[in-house]
Amino acid sequence: MKEKLQKIREEAISQIQSSKELSKLNDVRVAFLGKKGELTAVLKGMKDVLPQDRPAVGQLVNETRAAIEEMLEETKKKLEAAELEFKLKQEVIDVTLPAKKNRIGHRHPNTIALEEVERIFVGMGYEVVEGPEVEYDYYNFEALNIPQDHPAKDEQDTFYINNKILLRTQTSPVQVRTMETRPLPIRMIAPGRVFRSDEVDATHSPSFHQIEGMVIDKNITFADLKGTLAEFAKELFGKDTKVKFRPHHFPFTEPSAEVDVTCFKCGGSGCRFCKGSGWIEILGCGMIHPKVLRMSGIDPEVYSGFAFGVGLERIALLKYEIDDMRLLYENDDRFLSQF
Ligand code: DAH
(Lines give C-alpha, C1' and ligand atoms only; values in the text may rest on other atoms or scores of the structure.)
Protein backbone atom coordinates (compact mmCIF):
# COMPACT_ATOMS: atom_id res chain seq x y z
CA MET A 1 0.00 0.00 0.00
CA LYS A 2 2.78 2.32 0.94
CA GLU A 3 4.52 1.69 -2.32
CA LYS A 4 1.35 2.17 -4.26
CA LEU A 5 0.77 5.56 -2.65
CA GLN A 6 4.36 6.54 -3.28
CA LYS A 7 3.91 5.66 -6.96
CA ILE A 8 0.70 7.69 -7.19
CA ARG A 9 2.45 10.62 -5.62
CA GLU A 10 5.40 10.50 -7.99
CA GLU A 11 3.22 10.03 -11.01
CA ALA A 12 0.98 12.96 -10.00
CA ILE A 13 3.90 15.26 -9.37
CA SER A 14 5.54 14.40 -12.65
CA GLN A 15 2.29 15.05 -14.53
CA ILE A 16 1.79 18.34 -12.70
CA GLN A 17 5.29 19.44 -13.58
CA SER A 18 4.79 18.70 -17.23
CA SER A 19 1.49 20.65 -17.35
CA LYS A 20 2.00 23.80 -19.37
CA GLU A 21 -1.59 25.01 -19.31
CA LEU A 22 -4.20 25.56 -16.64
CA SER A 23 -6.67 23.24 -18.40
CA LYS A 24 -4.11 20.44 -18.44
CA LEU A 25 -3.50 20.99 -14.74
CA ASN A 26 -7.17 20.57 -14.07
CA ASP A 27 -7.17 17.28 -15.97
CA VAL A 28 -4.41 16.05 -13.64
CA ARG A 29 -6.43 17.10 -10.60
CA VAL A 30 -9.44 15.16 -11.80
CA ALA A 31 -7.34 12.11 -12.70
CA PHE A 32 -5.89 11.81 -9.21
CA LEU A 33 -8.21 13.55 -6.78
CA GLY A 34 -11.53 13.44 -8.61
CA LYS A 35 -14.44 11.14 -7.79
CA LYS A 36 -13.03 8.47 -10.06
CA GLY A 37 -9.41 9.50 -9.43
CA GLU A 38 -6.59 7.18 -8.47
CA LEU A 39 -6.22 8.40 -4.89
CA THR A 40 -9.95 8.20 -4.34
CA ALA A 41 -9.82 4.59 -5.51
CA VAL A 42 -7.24 3.88 -2.81
CA LEU A 43 -9.52 5.39 -0.18
CA LYS A 44 -12.35 3.22 -1.40
CA GLY A 45 -10.07 0.18 -0.95
CA MET A 46 -9.50 0.97 2.78
CA LYS A 47 -12.03 -1.66 3.75
CA ASP A 48 -9.55 -4.34 2.64
CA VAL A 49 -6.80 -2.98 4.93
CA LEU A 50 -6.35 -4.69 8.31
CA PRO A 51 -8.08 -2.68 11.02
CA GLN A 52 -4.87 -2.12 12.99
CA ASP A 53 -3.13 -0.75 9.88
CA ARG A 54 -5.90 1.62 8.95
CA PRO A 55 -4.78 4.70 10.94
CA ALA A 56 -1.29 4.57 9.49
CA VAL A 57 -2.54 4.00 5.94
CA GLY A 58 -5.18 6.68 6.38
CA GLN A 59 -2.52 9.16 7.44
CA LEU A 60 -0.40 8.23 4.48
CA VAL A 61 -3.29 8.76 2.11
CA ASN A 62 -3.93 12.18 3.62
CA GLU A 63 -0.28 13.15 3.32
CA THR A 64 -0.23 12.09 -0.30
CA ARG A 65 -3.36 14.05 -1.00
CA ALA A 66 -1.98 17.14 0.73
CA ALA A 67 1.27 16.92 -1.19
CA ILE A 68 -0.50 16.63 -4.52
CA GLU A 69 -2.85 19.51 -3.66
CA GLU A 70 0.01 21.72 -2.62
CA MET A 71 1.87 21.01 -5.82
CA LEU A 72 -1.26 21.65 -7.86
CA GLU A 73 -1.85 24.98 -6.14
CA GLU A 74 1.74 26.10 -6.54
CA THR A 75 1.81 25.21 -10.23
CA LYS A 76 -1.54 26.87 -10.79
CA LYS A 77 -0.19 30.14 -9.42
CA LYS A 78 2.88 29.92 -11.59
CA LEU A 79 0.87 29.21 -14.71
CA GLU A 80 -1.53 32.08 -13.96
CA ALA A 81 1.34 34.50 -13.46
CA ALA A 82 2.92 33.38 -16.72
CA GLU A 83 -0.38 33.77 -18.55
CA LEU A 84 -0.83 37.30 -17.22
CA GLU A 85 2.67 38.27 -18.17
CA PHE A 86 2.14 36.90 -21.68
CA LYS A 87 -1.10 38.91 -22.01
CA LEU A 88 0.55 42.10 -20.79
CA LYS A 89 3.35 41.67 -23.29
CA GLN A 90 0.85 41.14 -26.07
CA GLU A 91 -1.22 44.16 -25.14
CA VAL A 92 1.65 46.54 -24.88
CA ILE A 93 0.73 50.09 -25.90
CA ASP A 94 3.02 52.08 -28.11
CA VAL A 95 2.75 55.51 -26.53
CA THR A 96 4.79 57.02 -29.33
CA LEU A 97 2.09 56.34 -31.94
CA PRO A 98 0.19 59.46 -33.06
CA ALA A 99 -3.13 59.71 -31.20
CA LYS A 100 -6.50 59.34 -32.91
CA LYS A 101 -8.25 62.67 -32.95
CA ASN A 102 -11.34 62.70 -30.81
CA ARG A 103 -14.08 64.15 -32.98
CA ILE A 104 -17.01 65.74 -31.24
CA GLY A 105 -20.27 65.98 -33.17
CA HIS A 106 -22.28 69.17 -33.23
CA ARG A 107 -25.76 70.46 -33.75
CA HIS A 108 -27.67 70.21 -37.02
CA PRO A 109 -28.65 73.58 -38.58
CA ASN A 110 -32.30 72.67 -37.97
CA THR A 111 -31.55 72.19 -34.28
CA ILE A 112 -29.63 75.45 -34.07
CA ALA A 113 -32.53 77.30 -35.71
CA LEU A 114 -35.09 75.60 -33.46
CA GLU A 115 -33.17 76.44 -30.32
CA GLU A 116 -32.94 80.04 -31.46
CA VAL A 117 -36.71 80.23 -32.01
CA GLU A 118 -37.37 78.54 -28.66
CA ARG A 119 -35.03 80.96 -26.92
CA ILE A 120 -36.92 83.92 -28.36
CA PHE A 121 -40.38 82.69 -27.39
CA VAL A 122 -39.43 81.27 -24.01
CA GLY A 123 -38.02 84.75 -23.36
CA MET A 124 -41.52 86.12 -24.02
CA GLY A 125 -43.03 83.69 -21.52
CA TYR A 126 -44.10 80.90 -23.88
CA GLU A 127 -44.14 77.24 -22.96
CA VAL A 128 -42.73 74.62 -25.37
CA VAL A 129 -45.19 71.73 -25.86
CA GLU A 130 -45.31 68.70 -28.12
CA GLY A 131 -47.93 66.65 -29.90
CA PRO A 132 -47.94 63.28 -31.69
CA GLU A 133 -46.68 62.82 -35.25
CA VAL A 134 -49.27 60.10 -35.85
CA GLU A 135 -52.46 62.07 -35.39
CA TYR A 136 -56.22 61.76 -35.61
CA ASP A 137 -57.87 63.24 -38.67
CA TYR A 138 -60.05 65.06 -36.14
CA TYR A 139 -57.15 67.06 -34.65
CA ASN A 140 -55.29 67.57 -37.91
CA PHE A 141 -58.32 68.78 -39.91
CA GLU A 142 -61.79 68.59 -38.39
CA ALA A 143 -61.16 70.52 -35.16
CA LEU A 144 -59.26 73.14 -37.17
CA ASN A 145 -62.37 73.93 -39.19
CA ILE A 146 -61.31 71.79 -42.14
CA PRO A 147 -64.29 69.42 -42.60
CA GLN A 148 -64.19 66.17 -44.62
CA ASP A 149 -64.78 67.71 -48.07
CA HIS A 150 -62.74 70.92 -47.60
CA PRO A 151 -60.33 71.71 -50.49
CA ALA A 152 -57.52 72.41 -47.97
CA LYS A 153 -57.33 68.63 -47.50
CA ASP A 154 -56.18 68.32 -51.11
CA GLU A 155 -53.33 70.74 -50.57
CA GLN A 156 -52.22 68.85 -47.51
CA ASP A 157 -52.45 65.28 -48.75
CA THR A 158 -50.67 62.93 -46.42
CA PHE A 159 -50.04 59.33 -45.40
CA TYR A 160 -53.09 57.68 -43.91
CA ILE A 161 -52.80 54.89 -41.36
CA ASN A 162 -56.55 54.32 -41.74
CA ASN A 163 -59.40 56.70 -42.48
CA LYS A 164 -59.26 58.19 -38.97
CA ILE A 165 -55.51 58.25 -38.32
CA LEU A 166 -52.79 59.91 -40.39
CA LEU A 167 -49.33 61.44 -40.28
CA ARG A 168 -49.97 65.05 -39.32
CA THR A 169 -49.57 67.58 -42.13
CA GLN A 170 -48.99 70.53 -39.79
CA THR A 171 -48.26 71.28 -36.14
CA SER A 172 -51.61 73.09 -35.85
CA PRO A 173 -53.33 70.04 -34.25
CA VAL A 174 -51.21 70.75 -31.16
CA GLN A 175 -53.25 73.96 -30.82
CA VAL A 176 -56.36 71.85 -30.34
CA ARG A 177 -54.71 69.38 -27.97
CA THR A 178 -53.39 72.27 -25.90
CA MET A 179 -56.77 74.02 -25.77
CA GLU A 180 -58.37 70.78 -24.59
CA THR A 181 -55.90 70.08 -21.81
CA ARG A 182 -54.24 73.26 -20.56
CA PRO A 183 -55.72 75.86 -18.29
CA LEU A 184 -56.19 79.36 -19.71
CA PRO A 185 -54.45 81.66 -20.45
CA ILE A 186 -52.21 79.79 -22.92
CA ARG A 187 -48.94 80.91 -24.42
CA MET A 188 -47.19 78.07 -26.21
CA ILE A 189 -45.03 77.06 -29.11
CA ALA A 190 -45.13 73.52 -30.49
CA PRO A 191 -42.24 72.41 -32.68
CA GLY A 192 -42.28 69.08 -34.50
CA ARG A 193 -42.08 66.92 -37.56
CA VAL A 194 -44.86 67.03 -40.16
CA PHE A 195 -45.57 65.01 -43.30
CA ARG A 196 -47.04 65.55 -46.74
CA SER A 197 -47.09 63.40 -49.84
CA ASP A 198 -44.77 65.77 -51.71
CA GLU A 199 -41.99 64.90 -54.12
CA VAL A 200 -38.48 65.74 -52.97
CA ASP A 201 -36.96 68.83 -54.57
CA ALA A 202 -34.94 71.89 -53.52
CA THR A 203 -37.86 73.31 -51.51
CA HIS A 204 -40.02 70.25 -50.74
CA SER A 205 -39.72 67.11 -48.68
CA PRO A 206 -42.31 64.52 -47.61
CA SER A 207 -41.15 65.11 -44.05
CA PHE A 208 -40.18 68.49 -42.63
CA HIS A 209 -40.62 70.54 -39.46
CA GLN A 210 -42.87 73.34 -38.30
CA ILE A 211 -43.17 75.45 -35.21
CA GLU A 212 -46.67 76.32 -34.15
CA GLY A 213 -47.41 79.23 -31.85
CA MET A 214 -50.59 80.09 -29.97
CA VAL A 215 -51.74 82.62 -27.43
CA ILE A 216 -55.21 82.64 -25.83
CA ASP A 217 -56.32 85.08 -23.17
CA LYS A 218 -58.90 87.78 -22.59
CA ASN A 219 -58.54 90.81 -24.88
CA ILE A 220 -55.97 89.37 -27.26
CA THR A 221 -56.09 91.36 -30.50
CA PHE A 222 -54.42 91.46 -33.91
CA ALA A 223 -52.16 94.17 -32.48
CA ASP A 224 -50.69 91.59 -30.06
CA LEU A 225 -50.06 89.25 -32.99
CA LYS A 226 -48.35 91.98 -35.00
CA GLY A 227 -46.21 93.13 -32.10
CA THR A 228 -45.18 89.60 -31.20
CA LEU A 229 -44.17 88.61 -34.73
CA ALA A 230 -42.40 91.92 -35.36
CA GLU A 231 -40.33 91.31 -32.24
CA PHE A 232 -39.68 87.70 -33.27
CA ALA A 233 -38.45 88.79 -36.72
CA LYS A 234 -36.12 91.39 -35.22
CA GLU A 235 -34.61 88.89 -32.79
CA LEU A 236 -34.18 86.27 -35.50
CA PHE A 237 -33.00 88.33 -38.47
CA GLY A 238 -31.62 91.54 -36.97
CA LYS A 239 -33.03 94.66 -35.33
CA ASP A 240 -33.69 96.55 -38.56
CA THR A 241 -35.98 93.83 -39.89
CA LYS A 242 -39.51 94.97 -40.73
CA VAL A 243 -42.59 92.81 -41.14
CA LYS A 244 -45.46 93.02 -43.60
CA PHE A 245 -48.81 91.30 -43.11
CA ARG A 246 -50.51 90.24 -46.35
CA PRO A 247 -54.16 89.13 -46.14
CA HIS A 248 -54.47 85.40 -46.70
CA HIS A 249 -56.80 82.54 -45.88
CA PHE A 250 -56.45 79.71 -43.41
CA PRO A 251 -59.54 77.80 -42.31
CA PHE A 252 -58.66 78.00 -38.60
CA THR A 253 -57.90 81.71 -38.35
CA GLU A 254 -60.00 84.75 -39.13
CA PRO A 255 -58.64 87.14 -40.23
CA SER A 256 -55.54 85.37 -41.56
CA ALA A 257 -52.30 86.70 -42.93
CA GLU A 258 -49.00 85.69 -44.40
CA VAL A 259 -46.00 87.49 -43.02
CA ASP A 260 -43.03 88.73 -45.02
CA VAL A 261 -39.82 90.13 -43.56
CA THR A 262 -37.52 92.62 -45.18
CA CYS A 263 -34.69 90.82 -46.91
CA PHE A 264 -31.80 90.64 -44.45
CA LYS A 265 -29.36 90.45 -47.35
CA CYS A 266 -30.22 93.69 -49.12
CA GLY A 267 -32.28 95.36 -46.42
CA GLY A 268 -35.29 95.65 -48.71
CA SER A 269 -33.85 97.20 -51.86
CA GLY A 270 -34.08 93.93 -53.83
CA CYS A 271 -31.44 91.32 -54.58
CA ARG A 272 -30.95 87.81 -55.91
CA PHE A 273 -31.79 86.40 -52.50
CA CYS A 274 -35.28 87.95 -52.30
CA LYS A 275 -35.78 87.63 -56.04
CA GLY A 276 -35.72 91.41 -56.39
CA SER A 277 -38.77 92.07 -54.21
CA GLY A 278 -37.02 93.13 -51.01
CA TRP A 279 -39.31 90.83 -49.01
CA ILE A 280 -39.12 87.21 -47.90
CA GLU A 281 -42.17 85.22 -46.83
CA ILE A 282 -41.69 83.43 -43.52
CA LEU A 283 -44.95 82.31 -41.94
CA GLY A 284 -48.75 82.08 -41.78
CA CYS A 285 -50.82 83.45 -38.92
CA GLY A 286 -54.12 84.89 -37.83
CA MET A 287 -56.68 85.32 -35.07
CA ILE A 288 -58.01 81.94 -33.95
CA HIS A 289 -61.39 81.29 -35.57
CA PRO A 290 -64.25 81.48 -33.01
CA LYS A 291 -65.47 78.12 -34.28
CA VAL A 292 -62.12 76.53 -33.48
CA LEU A 293 -62.18 77.97 -29.96
CA ARG A 294 -65.74 76.78 -29.41
CA MET A 295 -65.05 73.25 -30.71
CA SER A 296 -62.35 72.91 -28.07
CA GLY A 297 -64.56 74.18 -25.28
CA ILE A 298 -63.38 77.80 -25.08
CA ASP A 299 -65.98 80.60 -25.11
CA PRO A 300 -65.06 83.01 -27.94
CA GLU A 301 -67.19 85.70 -26.29
CA VAL A 302 -64.79 85.73 -23.33
CA TYR A 303 -61.49 84.64 -24.83
CA SER A 304 -59.64 85.41 -28.04
CA GLY A 305 -56.29 84.38 -29.37
CA PHE A 306 -53.81 84.32 -32.19
CA ALA A 307 -51.80 81.57 -33.82
CA PHE A 308 -48.96 81.23 -36.25
CA GLY A 309 -47.08 78.47 -38.01
CA VAL A 310 -43.55 78.69 -39.34
CA GLY A 311 -41.44 76.22 -41.29
CA LEU A 312 -38.28 75.35 -39.42
CA GLU A 313 -36.30 74.36 -42.53
CA ARG A 314 -37.29 77.63 -44.13
CA ILE A 315 -35.74 79.53 -41.25
CA ALA A 316 -32.58 77.41 -41.28
CA LEU A 317 -32.23 77.82 -45.06
CA LEU A 318 -32.68 81.59 -44.81
CA LYS A 319 -30.44 82.09 -41.81
CA TYR A 320 -27.57 80.09 -43.28
CA GLU A 321 -28.20 81.01 -46.92
CA ILE A 322 -28.59 77.40 -47.97
CA ASP A 323 -30.25 77.09 -51.36
CA ASP A 324 -31.27 73.44 -51.34
CA MET A 325 -33.38 71.86 -48.61
CA ARG A 326 -32.10 68.36 -49.48
CA LEU A 327 -28.72 69.28 -47.99
CA LEU A 328 -30.40 69.39 -44.59
CA TYR A 329 -31.36 65.72 -44.79
CA GLU A 330 -28.33 64.16 -46.46
CA ASN A 331 -26.23 64.45 -43.30
CA ASP A 332 -23.03 64.91 -45.23
CA ASP A 333 -20.42 65.69 -42.64
CA ARG A 334 -18.68 68.22 -44.90
CA PHE A 335 -21.92 70.18 -45.10
CA LEU A 336 -23.00 69.86 -41.48
CA SER A 337 -19.67 70.84 -40.00
CA GLN A 338 -19.97 74.32 -41.50
CA PHE A 339 -22.53 75.52 -38.96
N1 DAH B 1 -50.58 75.11 -40.49
C2 DAH B 1 -50.39 76.05 -41.57
C3 DAH B 1 -49.70 75.35 -42.72
O4 DAH B 1 -49.11 74.31 -42.52
C5 DAH B 1 -49.55 77.22 -41.12
C6 DAH B 1 -50.33 78.12 -40.22
C7 DAH B 1 -51.01 79.19 -40.71
C8 DAH B 1 -50.37 77.88 -38.86
C9 DAH B 1 -51.74 80.03 -39.89
C10 DAH B 1 -51.10 78.73 -38.02
C11 DAH B 1 -51.79 79.81 -38.57
O12 DAH B 1 -51.16 78.55 -36.70
O13 DAH B 1 -52.47 80.63 -37.73
O14 DAH B 1 -49.74 75.80 -43.80
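How many of the residues of strand β4 are buried? In this predicted model, 8 of the 10 residues of β4 are buried, and the strand is mostly covered; buried stands for under 20% relative accessible area, exposed for over 50%, and partly exposed for values in between, with a 1.4 Å probe and protein chains only. Residues are numbered from 1 along each chain as its sequence is written, and side-chain values use heavy atoms, with hydrogens and water left out. Because the model is predicted, local features need pLDDT of at least 70 and side-chain atom pairs count only at pLDDT 80 or more, while totals for chains, interfaces and linings use all residues. Helices (H or I, at least four residues) and strands (E, at least two) are DSSP runs numbered from the N terminus.

Two strands are taken to pair if DSSP finds at least two bridges between them. Strand β4 (residues 186–195) is joined to β5 by 10 bridges in an antiparallel arrangement. Within that pairing, Ala190 stands opposite Glu212 of β5, and Phe195 is partnered by Ser207.

The pairing of β5 with β9 is antiparallel and covers 8 bridges, with Val215 opposite Phe306 of β9. Strand β9 is mostly covered, 6 of its 8 residues being buried. Between β8 and β9 there are 5 bridges, again with the strands antiparallel; the partner of Gly284 in β9 is Gly309.

Axes are lines fitted to C-alpha atoms, for helices over the stretch in contact, and angles run from 0 to 180 degrees between N-to-C directions.

Two packed helices are described by the angle between their axes and the distance between the axes. For α5 (residues 109–123) and α11 (residues 312–319), the angle is about 100 degrees and the axes are 9 Å apart. Helix α5 is therefore roughly perpendicular to α11, on a scale where angles under 35 degrees count as roughly parallel, over 145 as roughly antiparallel, 65 to 115 as roughly perpendicular and the rest as oblique. The contact (heavy atoms within 4.5 Å) involves Pro109, Asn110, Ala113, Leu114, Glu116 and Val117 of α5, and Leu312, Glu313, Ile315, Ala316 and Lys319 of α11. By class, these residues are 7 nonpolar, 1 polar and 3 charged; Ala, Val, Leu, Ile, Met, Phe, Trp, Tyr, Cys and Pro count as nonpolar, Asp, Glu, Lys and Arg as charged, and the others, Gly among them, as polar.

A nonpolar core is a set of buried Ala, Val, Leu, Ile, Met, Phe, Trp, Tyr and Cys residues joined through side-chain atoms within 4.5 Å. The largest has 34 residues, and those touching the most other members are Leu229, Phe232, Ile282, Leu283, Cys285, Phe306 and Phe308. Two or more residues each come from α5, β5 (207–217), α9 (222–237), β7 (253–262), β8 (279–288), β9 (304–311) and α11. The most are given by α9, with 6 residues. Apart from neighbours within four places in sequence, Phe308 is in contact with Phe121, Ile189, Ile211, Glu212, Gly213, Leu229, Leu283, Gly284 and Cys285. A second, separate core of 23 residues includes Leu144, Val176, Met179 and Ile216.

Some backbone features complete the description. The peptide bond from Leu184 to Pro185 is cis, with omega near -5 degrees, and Pro185 sits in the loop between α8 and β4. The bond from Glu254 to Pro255 is likewise cis, with omega near -5 degrees; Pro255 belongs to strand β7. Lys275, a residue other than glycine, has a positive phi near 55 degrees. Lys275 is in the loop between β7 and β8 and is exposed, at a relative accessible area of 78%. For Glu321, also not a glycine, phi is positive and near 55 degrees. Glu321 lies in the loop between α11 and α12 (327–330) and is partly exposed, at 39% relative accessibility.
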